[in-house]
Amino acid sequence: MDTFDPDMPCRVRDGLNDQIIEWSLQWASMYREHASKWDEGVISWDGLLLDGWAPIVPSHPCGH
């Protein structure tokens with residue numbers, strides 16, 4: 001999570017609930033204000049333990 005950019009369209013992994021969540025860019029300011037380091041590579045935020053993320057890459061218009 002050291003390279004996580006809350007202003008980038010992405011999916012995050014909540015290790016607490018073992019689920020993938022599509023990140024909402026509307027959460028970016030709240031994330032910056034309230035997120036805290038939980039453990040090495042883990043961020044505690046809004047009742048979640050975020051331990052991974054992956055950018056959403058736009059697909060080619062024809063699906064390739």
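Reply: Start with burial. Of the 64 residues in this predicted model, 27% count as buried.

Me: What makes a residue count as buried?

Reply: The cut-off is under 20% relative accessible area.

Me: Why is Asp 18 called exposed?

Reply: Exposed means over 50%. Asp 18 has 57% relative accessibility, so it counts as exposed. Its place is the loop between strand 1 (10-14) and strand 2 (19-22).

Me: What is the phi of Asp 18?

Reply: Near 50°, a positive value in a residue other than glycine. Most residues other than glycine have a negative phi.

Me: Why does Asp 46 count as exposed?

Reply: Again, the cut-off is over 50%. Asp 46 is at 63% relative accessibility, and therefore counts as exposed. The loop that holds Asp 46 runs between strand 4 (42-45) and strand 5 (48-55). Phi of Asp 46 is also positive, near 50°.

Me: Which pattern does the chain follow along the sequence?

Reply: β-β-α-β-β-β. That comes from one helix and five strands.

Me: What share of the contacts joins residues at least 24 apart?

Reply: Take contacts between residues at least 6 apart in sequence: 46% join residues at least 24 apart. A contact here means heavy atoms within 4.5 Å.

Me: How far apart are the mean positions of the positive and negative charges?

Reply: 3 Å, for 4 positive and 11 negative charges.

Definitions and conventions: Residues numbered from 1 in each chain as written. Predicted model: local features only at pLDDT ≥ 70, side-chain atom pairs only at ≥ 80, totals over all residues. Heavy atoms only, no water. Helix = DSSP H or I, 4+ residues; strand = E, 2+ residues; numbered from the N terminus. Buried < 20%, exposed > 50% of the residue type's maximum accessible area, 1.4 Å probe, protein only. Lys, Arg positive; Asp, Glu negative; His and termini not counted. Charge placed at Lys NZ, Arg CZ, Asp CG, Glu CD.
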